[in-house]
Amino acid sequence: MNPQNLLDLMTKRRSVRKYADTTVEKEKLLDLLEAARWAPSAGNKQPLEIIVVDDNDTKNLLVEAALGQKFIADAPYVLVICANVERTSSRYGERGSSLYCLQDTAASIQNILLLTTAHGLSSCWIGAFDEQKVKDVCSIPDFVRPIALIPVAYPASLEEKRAPPRRELKEITFGNAYGKVFMEP
Ligand SMILES: Cc1cc2nc3c(=O)[nH]c(=O)nc-3n(C[C@H](O)[C@H](O)[C@H](O)COP(=O)(O)O)c2cc1C
């Protein structure tokens, strides 16, 4: 793997909110789920669990739970990315439930998003939703927390979206201590 290709993929990934009216191949979907499984995991406790939603009524209920973000229902699949909090807290207590299990699932989400881009698919990390409503819609038990909704679809347009700006490297990196210059401007 050429490192530059991987970096290009990372910079090419965009949050896409307009989807084509096309199905997504099962093999591609399975690839994304496989990618999620291989993210790092604190103590390898693997709290990640995923509900694959392809039922239209359920998708519409997820739209309601996600404060009316209608585009979610336009995707053939919506992945409800969950953390089985108990798996991590059983070993790491409070730090496991409030930090590690979220970090684990976030790493899996990024894996999914990158492979989505590589497959020519599109997606968007949805974090704005009423957690209890998502739990009710998908019958998620108490010890599991829905972390994100990930619509998986083909994009409506093949035109590359303009990247929202990023903070400059020199603004976000420090040398040895917070606030100390690492990169000269
Ligand atoms: C934790 C998290 C929650 C997000 N929630 C939403 C959301 O609810 N709805 C949405 O349209 N985009 C959401 N986004 C996507 C961001 O708006 C997007 O990543 C950001 O604007 C940068 O654009 P890019 O992903 O194209 O680089 C979320 C992203 C993250 C990481």
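This is a predicted model: local features need pLDDT of at least 70, side-chain atom pairs count only at pLDDT 80 or more; totals for chains, interfaces and linings use all residues.
Reader: Which backbone nitrogen lies 2.8 Å from a polar atom of the side chain of S41?

Author: Leaving aside neighbours within four places in sequence, S41 is in contact with Q46, P47 and D104. Among these residues, the one whose backbone nitrogen lies 2.8 Å from a polar atom of the S41 side chain is Q46.

Reader: How many Å does helix α2 reach from its first C-alpha to its last?

Author: Helix α2 covers residues 26–37 and has 12 residues. At 1.5 Å a residue, the expected reach is 16 Å. The reach in the model is close to that, at 17 Å.

Reader: Why are the buried residues of α2 on the same side of the helix, and what arc do they cover?

Author: The buried residues of α2 are K28, L29, L32, A35 and A36. They are placed on the same side of α2 because the arc they cover around the axis is only 120 degrees.

Reader: Which elements do the buried residues of α2 pack against?

Author: K28, L29, L32, A35 and A36 are the buried residues of this helix. Their packing partners comprise both strands and a helix, namely β1 (48–53), β2 (77–84), α4 (85–118) and β4 (144–153).

Reader: Which residues of α3 are exposed on its other side?

Author: The buried residues of α3 are T58, K59, L62, V63 and A65. They lie on the same side of α3, because their arc around the axis is only 160 degrees. What covers them includes β1, β2, α5 (131–137) and β4. On the other side of the helix, the exposed residues are D57 and E64.

Reader: What is the phi of L67?

Author: Most residues other than glycine have a negative phi. L67, in the loop between α3 (56–65) and β2, is exposed with a relative accessible area of 63%. Although L67 is not a glycine, its phi is positive, at about 55 degrees.

Reader: How far apart in space are Y92 and A42, C-alpha to C-alpha?

Author: Y92 is in helix α4 and is partly exposed, with a relative accessible area of 27%. Not counting residues up to four places away in sequence, Y92 touches A42, G43, K45 and Y100. Y92 and A42 are 50 residues apart in sequence, while their C-alpha distance is 9.0 Å.

Reader: Which residue has a backbone N or O atom 2.9 Å from a nitrogen atom of the ligand?

Author: The ligand is surrounded by 13 residues, of which the closest are R14, S15, R17, Q69 and W125. A polar side-chain atom of R14 lies 2.7 Å from a ligand oxygen atom, and a polar side-chain atom of Q69 lies 2.7 Å from a ligand nitrogen atom. The residue that uses a backbone N or O atom, 2.9 Å from a nitrogen atom of the ligand, is W125.

Reader: What percentage of the ligand's exposed area does the protein bury?

Author: Taken alone, the ligand exposes 620 Å². Of that area, the part buried by the protein is 64%.

Note on methods: Residues are numbered from 1 along each chain as its sequence is written. Side-chain values use heavy atoms; hydrogens and water are left out. Helices (H or I, at least four residues) and strands (E, at least two) are DSSP runs, numbered from the N terminus. The expected span of a helix is 1.5 Å times one less than its number of residues. Buried means under 20% relative accessible area, exposed over 50%, partly exposed in between (1.4 Å probe, protein chains only). The arc is that of the directions from the helix axis to the C-beta atoms. Contact means heavy atoms within 4.5 Å. A residue is near a molecule or strand if one of its heavy atoms lies within 4 Å of it. A polar contact is a pair of N or O atoms within 3.5 Å; within protein, one must be able to donate a hydrogen and the other to accept it, and residues adjacent in sequence count only if both atoms are side-chain atoms. Accessible areas come from the Shrake-Rupley method with a 1.4 Å probe; for residues, only the protein chains shown count as cover.
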